[in-house]
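This report covers a protein chain shown below.

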Amino acid sequence: MNVTVTECRREDTALIEDWALIRAETDAEIAPEDPPIPTQELAAEFLIPRERARYLAWVAHVDGEPAGEVVLYLEDGEENTHLATVEWCSVRPRFRRLGVARALIRTALERATSENRTQAHLWYSPQLPGEAEAWFTRLGLTRGTVERCSRLGIASLDRDLMRRWVNDAATTAAGYRMVQFVNRCPEEYLSAYLDATDAMLDAPVDDLDYTIERTTAEELRQREQRWQAQNRVVVTSLVIAPDGSGAGFSELFVNGFRPQIGQQGDTGVAREHRGKRIGRWVKGANILLALEQHPELAVVETYNAESNPWMLDINVAMGFAPHISYVAHQGDVAVALNGLAAVPA
């Protein structure tokens, strides 16, 4: 048996097709009802350059057959340049326990070392086959945080409830107003929008060694260009306080390659404006706008830290149900690399 690991490049169409085959097969274990991910979406999501961050991806082959994938995320901003995040590693069922995952993780951590990253985050789902938690523990990693991935089937969405949340804002957030836009934030609302996104700075990260960084106007404009290049439509609702500052916001992405699938982006309410049910208002209004713009939406997926009961409560009230959980383990890159040699395939 021969395991080879190859880095994915945008120009390597054949390798990306192998990557998509692996992703589709392992995704089917999580969401068999979803259409398979097309190669264009995979390449757009991970291989288009980002603002102050990079994705790197590798595909493993066993005797020439596509067997597994690993995705590494590296931030190049000011705060997290010591970190390397293995966001995803998966192996097709018939190639498991052959050392494929170990080869993929080793490749990612070796790249982290070459990039002078000293701390690693490795994500996995305890609901998928395998013994990842025990595996990562043997690498000297400790649990950092748990995220809940939830899904909302649009067929079960109570649109009247969403409208009530919007109408209730006249009482609960009197004096505040909402503006909505698609894809690009109008220049006149840019300052307020950036105010609102600062609400994400105190989003819970639990014990994870990670610092959330502020978004600048330049970075926002770069993101908007990238979203367009990735064939995404982003629908945004922004709440503006009586003093003109941004009080809260919510983003929802519609996938241009699989338009029946929506991805909830960030939602936040600035600390000084909490307690006015702005979170419900902005989430309810935004999903109604998204459905008006894209009636083909069938499901929306969202991620929240399990330690964030405020946003989880809103999502549950909207009808989001737990879909799958993800756990991040963290630790020293060099220690993890040394531990790999002793870990069974």
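Which residue of β10 stands opposite Phe249? Gly268 of β10 is the residue opposite Phe249.

## Basis of the model

This is a predicted model, in which local features need pLDDT of at least 70 and side-chain atom pairs count only at pLDDT 80 or more, while totals for chains, interfaces and linings use all residues. Residues are numbered from 1 along each chain as its sequence is written, and side-chain values use heavy atoms, with hydrogens and water left out.

Helices (H or I, at least four residues) and strands (E, at least two) are DSSP runs, numbered from the N terminus.

## The sheet

An open sheet of 12 strands has mixed pairing and the order β1-β2-β3-β4-β5-β12-β6-β11-β10-β9-β8-β7. Its edge strands are β1 (3-7) and β7, each of which pairs on one side only; two strands pair if DSSP finds at least two bridges between them. On average, neighbouring strands of this sheet are turned by 20 degrees against each other, direction ignored. Helix α1 packs on the sheet and touches β1, β2 (53-62), β3 (65-75), β4 and β12 (321-332). The direction of α1 makes about 90 degrees with that of β3. Contact here means heavy atoms within 4.5 Å. Axes are lines fitted to C-alpha atoms, for helices over the stretch in contact, and angles run from 0 to 180 degrees between N-to-C directions.

Strands β8 (residues 232-240) and β9 run antiparallel and are joined by nine bridges. Within that pairing, Thr236 has Glu251 in β9 as its bridge partner. Strand β9 (residues 246-255) is in turn antiparallel to strand β10 (residues 261-269), with six bridges between them. A hairpin of five residues connects β9 to β10. On to strand β11 (residues 299-305), β10 makes three bridges, and these two strands run parallel. Gln263 stands opposite Glu301 in β11.

## Helices α5 and α9

Two packed helices are described by the angle between their axes and the distance between the axes. For helix α5 (residues 159-172) and helix α9 (residues 309-318), the axes come within 10 Å and cross at roughly 135 degrees. α5 and α9 are therefore oblique to each other; angles under 35 degrees count as roughly parallel, over 145 as roughly antiparallel, 65 to 115 as roughly perpendicular and the rest as oblique.

Leu161, Met162 and Trp165 of α5 make the contact with Ile314, Ala317 and Met318 of α9. By class, the residues of this contact are six nonpolar, no polar and no charged. Ala, Val, Leu, Ile, Met, Phe, Trp, Tyr, Cys and Pro count as nonpolar, Asp, Glu, Lys and Arg as charged, and the others, Gly among them, as polar.

## Salt bridges

Side chains of opposite charge can pair when their charged atoms come close. A salt bridge is a side-chain nitrogen of Lys or Arg within 4 Å of a carboxyl oxygen of Asp or Glu, and by this rule the count comes to 28. One of them joins the side chains of Arg92 and Glu25 (2.9 Å, N to O). Arg92 is in the loop between β4 (83-91) and α3 (100-114), and Glu25 is in helix α1 (residues 13-30), 67 residues apart. Arg92 is buried at 9% relative accessibility, and Glu25 is partly exposed at 28%. Buried means under 20% relative accessible area, exposed over 50%, and partly exposed in between (1.4 Å probe, protein chains only).

Arg184 is partly exposed at 49%, whereas Glu224 is buried at 8%. Glu187 and Arg221 also form a salt bridge, with their closest N and O atoms 2.9 Å apart. Glu187 lies in the loop between β7 and α6 and Arg221 in helix α7, so the pair ties together parts 34 residues apart in sequence. Glu187 is exposed at 54%, and Arg221 is buried at 13%. Elsewhere, a network of salt bridges links Glu33, Asp34, Arg151 and Glu301.

## Positive phi angles

Arg97 is not a glycine but has a positive phi of about 65 degrees. Arg97 is found in the loop between β4 and α3 and is exposed, at 64% relative accessibility.

Asn183, also not a glycine, has a positive phi of about 75 degrees. Asn183 lies in the loop between β7 and α6 and is partly exposed, at 36% relative accessibility.
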